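Colleague: I'm new to this one. Can you put it up and walk me through it?

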Amino acid sequence: MSELAKLELNGKVYEFPVVEGTEKEKAIDISKLRDLTGYVTMDQGYKNTGACFSSITFLDGEEGILKYRGYTIEELAEKSNFLEVSYLLIFGNLPTKAELEKFENDIRKYTLVNEEMKNIIDGFPKSAHPMGILASLTSALTAFNPKSVNVNSEKDMYEAVCKTMGKFLVIATWTYRKNMGYPLNYYDNTKSYVENFMRLMFELPTGPYKIDPIVVQALDKLFILHADHEQNCSTSTVRIVGSSHAGLFASISAGVSALWGPLHGGANQAVLEMLEEIRVNGGDVAKYVLKAKDKDDPFRLMGFGHRVYKNFDPRAKIIKKAADDVLSTLGIEDPILDIAKQLEKTALEDDYFKSRNLYPNVDFYSGIIYRALGIPTDMFTVMFAIGRLPGWIAQWKEMRSNKEPIGRPRQIFTGHTQLTYVPINQR
Ligand code: SDX
């Protein structure tokens, strides 16, 4: 006998089925609530609301567990690589050597971006934020690839995945090149995906660009750690836009815009700006911890806290160690890293943060590595988007393949109930 949830309303008892996932999570299925009771639920920010059934990523906020398709993030970060993890997230299984080679080669078929896209990027001022350019260029890809994805065709879907992985990386780096006034680079099909990222960003026509394997390895790990995170704000955005049967590029573009916010993916840029402000103001970490605790002060400790993790974000642990490794391997002494560690130590000893389960999240240390790799601060969230791309694709593909209904939440109306129109000359 499956578990039932009972709800008593106005003297009547209603029963709703309880559903349980493979990781023993439980939900009350209220899909018939309004039909049966006339009531809807209210859950601002969806803290208690499941939007879908998914087999892609599992996270346990209390235990600090993150798994992609059943593999722990720790194991994938240590043993896998970004393209292999992308394949795993999107297609559901680790590829054979031949499948992975084919995937990388098939992505290479689509790494040339239509030259007319340059007219679009030329329209932006140099001061435009890279995330704004990226959202626009991603949406514009629809114009050059008008064939909508037939999700029921494995061939069509595979081609759309490879096209998105190939072109998104190139246009993401164009946002930096535009800001710097550099010529836009082309993907080099003789190099790997992550090697190409560094080339596309930093190779200048004036001379050869030396790819540093340490940097490539660190970036590959960072992209893995950002690849998916179940129903976060930007992924939920990709799913709900896709639920109207908008195309893949349009849905990813919406995800880029959602990720841009400083409470979400924009936090990695905000963390560096916060740490830099602390450094410039004498490194008084305690002062900023006090500001973060002050309800009258809008300042928050960026890179701290998480909607789901009420324990350490497992990604933050891995990135913190990687930051130490990369900086010492590259021989970089960055005072910002010391300030970050001091800030973390002070906050984690403070009851305000402990009592609210506020720990460093994925964004707290990532910017320190990006900075060490020469990535400019306003490109940090673009880095997050490059990492999150396979997760967005995987979640969009799952939602469309499962033929999920269009997303359309309800509300409780709190406005005027009945007003009579007054002609303007009588107002
Ligand atoms: C990401 O969802 C995902 O999975 C996202 C992500 C992914 O991979 O996709 O993990 C990536 O977005 C990580 C989060 C990056 N954002 C930041 O680092 C910005 C700083 N963090 C906060 O803004 C906040 O912690 C959120 C937005 C991340 C979570 O907010 P919640 O869950 O809505 O928590 P809340 O705002 O209700 O806060 C609960 C309490 C409040 O205090 P009280 O009202 O109880 O007194 O904690 C306080 C908040 O004021 N609080 C903070 C704080 N975060 C929460 N106080 C100071 N500094 C902070 N950072």
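**Ligand, a helix and some loops**

Modeller: Histidine 229 has a side-chain N or O atom 2.5 Å from an oxygen atom of the ligand, a polar contact (a pair of N or O atoms within 3.5 Å; within protein, one must be able to donate a hydrogen and the other to accept it, and residues adjacent in sequence count only if both atoms are side-chain atoms). This is a predicted model, where local features need pLDDT of at least 70 and side-chain atom pairs count only at pLDDT 80 or more, while totals for chains, interfaces and linings use all residues. Residues are numbered from 1 along each chain as its sequence is written, and side-chain values use heavy atoms, with hydrogens and water left out.

Colleague: What does histidine 264 do at the ligand?

Modeller: A polar atom in the side chain of histidine 264 is 2.9 Å from a ligand oxygen atom. On the backbone side, a polar atom of phenylalanine 304 sits 2.9 Å from a nitrogen atom of the ligand. The protein buries 80% of the 1,100 Å² that the ligand exposes when taken alone (accessible areas by the Shrake-Rupley method with a 1.4 Å probe; for residues, only the protein chains shown count as cover).

Colleague: How many residues surround the ligand?

Modeller: 25 residues surround it, and the closest are His229, Gly303, His306, Arg315 and Arg388. A residue counts as near if one of its heavy atoms lies within 4 Å.

Colleague: New topic. Where is glutamate 398?

Modeller: Glutamate 398 is in helix H18 (helices are DSSP runs of H or I, at least four residues, numbered from the N terminus).

Colleague: Is glutamate 398 buried or exposed?

Modeller: Glutamate 398 counts as buried because its relative accessibility is 10%; buried means under 20% relative accessible area, exposed over 50%, and partly exposed in between (1.4 Å probe, protein chains only).

Colleague: And what does its side chain reach at 2.9 Å?

Modeller: The backbone nitrogen of serine 55. Leaving out residues up to four places away in sequence, glutamate 398 touches Phe53, Ser54, Ser55, Ile56 and Arg239, with contact meaning heavy atoms within 4.5 Å.

Colleague: Now the loops. Which loop holds glutamate 230?

Modeller: The one between helix H9 (213-225) and helix H10 (233-242). Phi of glutamate 230 is positive, near 45 degrees. Most residues other than glycine have a negative phi.

Colleague: What about phi of histidine 245?

Modeller: Near 70 degrees, also a positive value in a residue other than glycine. Histidine 245 lies in the loop between H10 and H11, and counts as exposed because its relative accessibility is 55%.

Conventions:
Helix = DSSP H or I, 4+ residues; strand = E, 2+ residues; numbered from the N terminus.
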